[in-house]
Amino acid sequence: MKRQYLILGLVWLLLALAPLVATDYLLHIGILILMYAYLSQCWNIMSGYSGQFSFGHAAFFGTGAYASSVLLTKYGLSPWLGMWVGALVALAIGLFIGFLSFRFRLKGAYFALATLAVAEILRQIVQNSEFFNKTMGILIPLAPNPLMFQFESRLPYYYVIFIMTTLVTWLVYQVSKSKLGFNLVAIRENEDAARSLGVDAFKNKMIAIGLSSALTALGGTFYAQYLLLIEPPLAFSSGVSIAILLPAIIGGAGTVLGPVIGSFVITPLGELTNALFSGTPGVQFIVYGAILVLVILFLPEGIVGWVLKRMRLKQVQKGAQAK
């Protein structure tokens, strides 16, 4: 166990120091990897641990991006403050979805469709509202000022998302070891059995979706400030939801490191695909779909899940040989 923590510490230190010698393009790739690792961890809190598969996390992502961007461009409020407003709005939306869905015990494909529908409703509202500049989106003026969440180079953005990803991964670890985490896993495995043992499924799932939605909104603010542009397709499309959930599924949903490792696998591959097939739109999602099919067929528990399974099997074999 100490060896594993030592390895994780060295990897964390390497990630912290790597940007100091990386090129600008590699720094950009690193930011994207960490951002999708962060967003996928947020998805993992609800969908990975409780089994309530969300296909509409773009609703929370877009809410955070638009809320902070509107507050900045129309009212001059710093995104450092606006991001928390966006988180509160996303929290309200998440709890609304959860209340309607969990009260009537929607799960599986029905819950996934419910979250997808909310994301699509929000997209239609935003792209047809003058207040949000309709399909034009919101262009954030370039005025480098750390107090306004704008920097002159990519390096500060890297460290902001590095800290965010570190904190959310630590949070997921704490959840996994807590009563909440055990309850969520019990609900995921068999909700009826969990209820019979006294687990309040509705309460635990509401906590999970509340945490997940609010934290996802913070990631939306980061994306908007990094890109300095937010449009309905960039905020609320199903493509955004897919990009959020893929790292967790590939790396291992319901594990602490799954979304991080999955992001290190899928994000560079997506960027490489875009570079090689820049003139052919949609190829990236074809690649994503192919990888997802392969993972479901051969690694249904994800990369981390497969590794943990192998480790447990070796321990059992060693125990059997010892006897």
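Predicted model: local features only at pLDDT ≥ 70, side-chain atom pairs only at ≥ 80, totals over all residues.
Local features need pLDDT of at least 70, side-chain atom pairs count only at pLDDT 80 or more, and totals for chains, interfaces and linings use all residues. Residues are numbered from 1 along each chain as its sequence is written, and side-chain values use heavy atoms, with hydrogens and water left out.

Start with the count. A search of the whole structure finds 8 salt bridges. A salt bridge here is a side-chain nitrogen of Lys or Arg within 4 Å of a carboxyl oxygen of Asp or Glu.

Glu191 is buried at 4% relative accessible area. Arg195 is partly exposed at 31%. The cut-offs are under 20% for buried, over 50% for exposed, and in between for partly exposed, with a 1.4 Å probe and protein chains only. The pair also belongs to a network: salt bridges link Glu191, Arg195 and Lys205.

Now take Arg188 and Glu189. These two form a salt bridge, and their closest N and O atoms are 3.1 Å apart. Glu189 counts as exposed because its relative accessibility is 58%. Arg188, at 31%, counts as partly exposed.

Glu301 is partly exposed, with a relative accessible area of 25%.
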